[in-house]
Amino acid sequence: MSDAAPALEIRNLNVYYGDFHAVRDVSLTFPRNKITAIIGPSGCGKSTVLRSINRMNDLIPNVRIEGQVLFEGKNIYDPDVDPVEVRRRIGMVFQKPNPFPKSIYENVAWGVRINGFRGSKAELDALVEEALRGAALWDEVKDKLHQSGLSLSGGQQQRLCIARAIAVRPEIILMDEPASALDPIATLRIEDLMRDLAREYTIIVVTHNMQQAARVSDYTAFFSTDETRTGHLVEFGPTEQIFTNPKDPRTEAYITGRFG
Amino acid sequence: MNAAARFHPNLPARHRRARWGLVLFQSATLFGIVVLMALLYNIVNGAFGLAAVRYRIYPGDLGLDLTTITALPPEQLRGLLAAYLSPGQLRTLEREKPLDQRSADELARLVVERVLRPKVLDTWPLVPSLLHTREIVAEVQQKYPDAEVRWMAWFNQRFLSRPQSSDPIRAGVRTAILGSLWLVGIAALTALPLGVAAAIYLEEYARRDRWFNRLIQTNINNLAGVPSIIYGILGLAIFVRALEPVTSGALFGAVPEGVTANGRTVLSGGLTLGLLVLPIVIINAQEAIRAVPASLREAAYALGATKWQVIWHHVLPNALAGIMTGTILALSRALGETAPLVVVGASTFITFDPTSPFSKFTALPIQIYQWTARPQPVFRNLAAAASIALLVMLFVLNGTAVYIRYRARRSQRW
Ligand SMILES: Nc1ncnc2c1ncn2[C@@H]1O[C@H](COP(=O)(O)OP(=O)(O)OP(=O)(O)O)[C@@H](O)[C@H]1O
Ligand SMILES: [Mg+2]
């Protein structure tokens, strides 16, 4: 594991939807500037854990969260923490590309503006270009920045969403199955992009695609469910080790396709 | 018997049932169309047709032709007025507006109204007029030997531009149209912001698991179905009586000169209609807000937007088309309302236009109702003509709603 201070640490996380105990006792440490993949069968709480990291779960009524998520040594669930600030610093890319029904330019600029950007138009233009380059989309859209973001292809839309996320300079990027709606070529582009982004960002990615986890991630966390459908962490370690030499038989069963 | 064969036998029966369904739906649609056609027929039938008109002085006797009278030189028209009106009448006219400043149109109208003085004795609807023209002419000649049979378009430009009058030839609906516009405008100005604000609260802030929020929601749904007369009684109690100083304009020293409407103003009427459509506006706006996909909100929240930024920048703009169409459709209901306005105290006979929120007022449906209640048949023609005016206003409103929806459909995809 990396020597540097971890980017984020989850301690004894329990998430309940009403009476349903969705995630039990998860403790996980995400190393800085690495890609951590979360894998596991459907319904094991991967998205739930991911959404707990930037407090997106707050938007769901009836959700209850116990435990701690330490970001820069501070529990983001402390009463004095503003979830809006948390979400600015921990960005998110969703499974289905969801650009705003605005121009490509506005898609990227909006997040910057609402976060109190006080610069000139030229500075904003530069920021937008930088974000689009960062998301490997610039060359494809530089001539049509004022067309609707919805006019792009699915893979381009997803990269636009990534550009939008990095434009507000987050420290961590959460991705929930970012390539599951895309074809293999677009998927590979997104994976390349993730590798590039990992130089600057800590990335946590949920995926159902074993090869993708193996190809792209540095660390892998395997989740599973117990007989009450409650999700929990089974095993966490360097991706290399999880895929070649898993310690837990359930992990081995899952990655070899004999499970879930 | 193999498995595939077991699926087969009921296929003809299923097709038969589908055909019956089709017949049912088609006949329901056809019935609706027939009813609609009957309604239009009824109105158009009344708004045009033959009339028996008696003149004090026949145009022919003066060598005039009614269709070209406005083309006459103004001097000739002034001459006619001078020759046939008493000095007193002329003085009154001069005082209103000097004759030599009046246009040929105005002068021609004066000649018709004051000199020729047509009076409608009887009228016939459009269809009998077309089918039995000769019989009608004969009947008129026999019953009213001194009358003339004329084609009348009761719905015409002068009808729209003239105020109410007790003389059917001169009566118009300008006062009523303006009253209706004021009412709908005031209703829109109250119901739209209140309705949108309430919808935002209910959709975005209120927690649905709280019993009182559910109670509010249920009440709004029920209020949308409350009969309009009850809103009228509410408006009478609140706006006309309790808030009289405000709605009469007295509080602002804005009572129109010489008219004390005692709170029975166009403001009270508009506010009452605003209340009437408020629940519908809220429900429509809620639906429009709910239709904004959750993925869009999540995208905005995930960038660090506050709730207000999400609502203001994403939810409202994307719900706007739906909110506007819903509101416009609700307002077209308000446009046709009669009962609550009667209760709130719309005037049945006024000849001056509403000029401020504190004016007395009447509205098109009230005007129509009032005309249908008159015994003389000619007022039924006026009612039909006013109905055309009302329907045109409704079509314009609904057309706007359709257009907005069409534009929104084209511009947004998710
Ligand atoms: N909003 C919610 N309300 C109630 N239960 C929920 C809600 N969201 C998720 N759950 C439940 O919590 C459990 C975990 O769901 P979650 O979406 O985190 O699974 P997942 O691992 O992401 O699955 P998938 O791989 O299919 O996306 C599931 O049993 C699900 O039914
Ligand atoms: Mg999921």
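Biologist: How many residue pairs are in polar contact between chain A and chain B?
Modeller: In this predicted model, the count between chain A and chain B is 5 residue pairs in polar contact, both residues at pLDDT 80 or more.

Biologist: Which elements of chain A supply residues to the side that touches chain B?
Modeller: At least two residues each come from α2 (83–89), β6 (90–93), α3 (104–114) and α6 (154–167) of chain A.

Biologist: And what is that side made of by class?
Modeller: The side of chain A that touches chain B has 14 nonpolar, 6 polar and 5 charged residues.

Biologist: How many salt bridges does the rule find across the interface?
Modeller: The rule finds 1 salt bridge between chain A and chain B. The side chains of A:Arg51 and B:Glu298 meet in a salt bridge, at 3.0 Å from N to O.

Biologist: What area is buried between the two chains?
Modeller: About 1800 Å² is buried between chain A and chain B, and carbon and sulfur atoms give 64% of that area. In chain A, the residues that lose the most area to chain B are A:Pro101, A:Trp110 and A:Ile114, together 27% of what that side buries.

Biologist: How many residues are in contact on each side?
Modeller: Chain A has 25 residues in contact with 18 residues of chain B.

Biologist: A change of topic: why is helix α1 of chain A largely enclosed?
Modeller: Helix α1 (residues 46–53) of chain A is largely enclosed by the rest of the structure because 7 of its 8 residues are buried. Among them are A:Val49, A:Leu50 and A:Arg51.

Biologist: Which residue with a positive phi follows α1(A)?
Modeller: That residue is A:Arg55, with a phi near 60°.

How values were computed. Residues are numbered from 1 along each chain as its sequence is written. Chains are lettered from A and ligands numbered from 1 in the order in which they are written. This is a predicted model: local features need pLDDT of at least 70, side-chain atom pairs count only at pLDDT 80 or more; totals for chains, interfaces and linings use all residues. Side-chain values use heavy atoms; hydrogens and water are left out. Contact means heavy atoms within 4.5 Å. Buried area is the accessible area (1.4 Å probe) that two parts lose on being put together, summed over both. A salt bridge is a side-chain nitrogen of Lys or Arg within 4 Å of a carboxyl oxygen of Asp or Glu. A polar contact is a pair of N or O atoms within 3.5 Å; within protein, one must be able to donate a hydrogen and the other to accept it, and residues adjacent in sequence count only if both atoms are side-chain atoms. Helices (H or I, at least four residues) and strands (E, at least two) are DSSP runs, numbered from the N terminus. Ala, Val, Leu, Ile, Met, Phe, Trp, Tyr, Cys and Pro count as nonpolar, Asp, Glu, Lys and Arg as charged, and the others, Gly among them, as polar. Buried means under 20% relative accessible area, exposed over 50%, partly exposed in between (1.4 Å probe, protein chains only).
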